[in-house]
Amino acid sequence: MKTNLITREGYLQLQQEHDHLWNVKRPEVTKIVSWAASLGDRSENADWSL
């Protein structure tokens, strides 16, 4: 069985992407979901149901 290896550069790129998603994108999404929950509807079409 062949083992797939990742280069140091590939690992660092994945780590940067993970950190960006966790520290930047996740808080943005959490803020939006919290706002939607405050309106009482978490469906993606909540704004269109008015």
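This report walks through the fold, the surface and a few side-chain contacts of one chain.

**Overall picture**

The model is predicted. The chain holds 1 helix and 0 strands. Helix 1 covers residues 8-38. The chain has 50 residues, and 6% of them count as buried.

**A charged pair in the helix**

How many salt bridges does the chain have? The count comes to 1 salt bridge. The partners are K25 and E28. Their closest N and O atoms are 3.5 Å apart, and the pair counts because the cut-off for such a bridge is within 4 Å. Side chains of opposite charge can pair when their charged atoms come close.

Both residues belong to helix 1. K25 and E28 are 3 residues apart, about one turn of the helix.

**Accessibility of named residues**

| Residue | Relative accessible area | Class |
|---|---|---|
| Y11 | 40% | partly exposed |
| S38 | 57% | exposed |

**Rings and a charge**

What does a search for aromatic pairs find? Across the whole structure it finds 0 of them. A ring does take part in another kind of contact. The charged end of R26 sits over the ring of W22. The distance to the ring centre is 4.4 Å.

**The serine at residue 38**

S38 lies in helix 1. S38 counts as exposed because its relative accessibility is 57%, and the class begins over 50%. Which backbone atom lies by the side chain of S38? The backbone oxygen of W35 lies 2.5 Å from a polar atom of that side chain.

**A nonpolar patch**

Which residues make the nonpolar surface patch? They are I6, Y11, L12 and L14. One of its members, Y11, is found in helix 1. Y11 is partly exposed, because its relative accessible area is 40%. Patch residues need over 30%, and Y11 has 40%.

Terms used:
Residues numbered from 1 in each chain as written. Predicted model: local features only at pLDDT ≥ 70, side-chain atom pairs only at ≥ 80, totals over all residues. Heavy atoms only, no water. Salt bridge = Lys/Arg side-chain N within 4 Å of Asp/Glu carboxyl O. Helix = DSSP H or I, 4+ residues; strand = E, 2+ residues; numbered from the N terminus. Phe/Tyr/Trp six-rings, centres within 6.5 Å; stacked < 30°, edge-to-face > 60°. Lys NZ or Arg CZ within 6 Å of the ring centre and 35° of its normal. Buried < 20%, exposed > 50% of the residue type's maximum accessible area, 1.4 Å probe, protein only. Polar contact = N/O pair within 3.5 Å; in protein donor to acceptor, adjacent residues only side chain to side chain. Patch = residues over 30% accessible without salt bridge, like charges linked within 9 Å, V, L, I, M, F, W, Y side chains within 5 Å. Areas by Shrake-Rupley, 256 points an atom, 1.4 Å probe, with all protein chains shown as cover.
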